[in-house]
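User: I am new to this structure and would like to understand the words used for it. Could you take me through them?

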Amino acid sequence: MPNRAERRAAAKRERRGIPQQYDQTRGRQHAGMVDEYALQAKSQRLQDGTDTEGPWKPTAKTTDVDEEITYNTNPDYRNPSKGLSAPSNARGWFRIVSWVLIALSVIGFFVIMWLPNGAPIWATLTVSIVFAIGVLSLFFVAAKSTRENPNVDANGTAV
């Protein structure tokens, strides 16, 4: 009498639809293998039109081309200074300082690059360190909380 594991394996093979003479996985564990016999049988049923699941029907929702997509933002292009305002907290000021450091280091890189006799190593290292500090500080001060991100829905999925 076969043990429980053998009975369960035989029942699983029966459900998959592989006849025993074609079953090459007997005695081995092959989780996640493609069942070629079942795929061939499904393909044959689809070609014959005898598949019990019926014809495929799309389930996606489509929108008409005539529908106009509106966004919540409504920028005022006649008064562009209205959108710019001074930072209201310390994080905003640190963000501006980080961008100023990056801009100054880029200018410093251009100056060092166009010096005719080359720059001393301390000048190159200083500009590189200022650039690195500016970029790394953006990771800490520019990141907003996920609750304030307009590109994420309530479940945290990007939209």
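**Reading the helices and their contacts**

Analyst: Gladly! The protein has four helices and zero strands, where helices (H or I, at least four residues) and strands (E, at least two) are DSSP runs, numbered from the N terminus. This is a predicted model, in which local features need pLDDT of at least 70, side-chain atom pairs count only at pLDDT 80 or more, and totals for chains, interfaces and linings use all residues. Residues are numbered from 1 along each chain as its sequence is written, and side-chain values use heavy atoms, with hydrogens and water left out.

User: Why is Ser 105 called buried?

Analyst: Buried means under 20% relative accessible area, exposed over 50%, and partly exposed in between (1.4 Å probe, protein chains only). Ser 105 has a relative accessible area of 2%, so it is buried. Its place is in helix H3 (residues 90-113). Of the 159 residues of the protein, 11% count as buried.

User: Which residues does Ser 105 touch, leaving aside those up to four places away in sequence?

Analyst: Ser 105 touches Val 127, Val 130 and Phe 131; contact means heavy atoms within 4.5 Å.

User: What is the span of helix H4, and what is it set against?

Analyst: Helix H4 (residues 121-141) has 21 residues and reaches 30 Å from its first C-alpha to its last. The expected span is 1.5 Å times one less than the number of residues, and for H4 the reach is close to the 30 Å expected.

User: What makes the buried residues of H4 a single side?

Analyst: The buried residues of H4 are Ala 123, Val 127, Gly 134, Ser 137, Leu 138 and Val 141. They cover an arc of only 115° around the axis, so they lie on the same side of H4; the arc is that of the directions from the helix axis to the C-beta atoms. These buried residues pack against H3. On the other side of H4, Ile 121, Trp 122, Phe 139 and Phe 140 are exposed.

User: Why is the one aromatic pair called edge-to-face?

Analyst: Rings of Phe, Tyr and Trp (its six-membered ring) pair if their centres lie within 6.5 Å; planes under 30 degrees apart count as stacked, over 60 as edge-to-face and the rest as tilted. The rings of Phe 109 and Phe 131 have their centres 6.0 Å apart and their planes at 70°, so the pair is edge-to-face. Phe 109 lies in helix H3 and Phe 131 in helix H4, so the pair ties together parts that are 22 residues apart in sequence.
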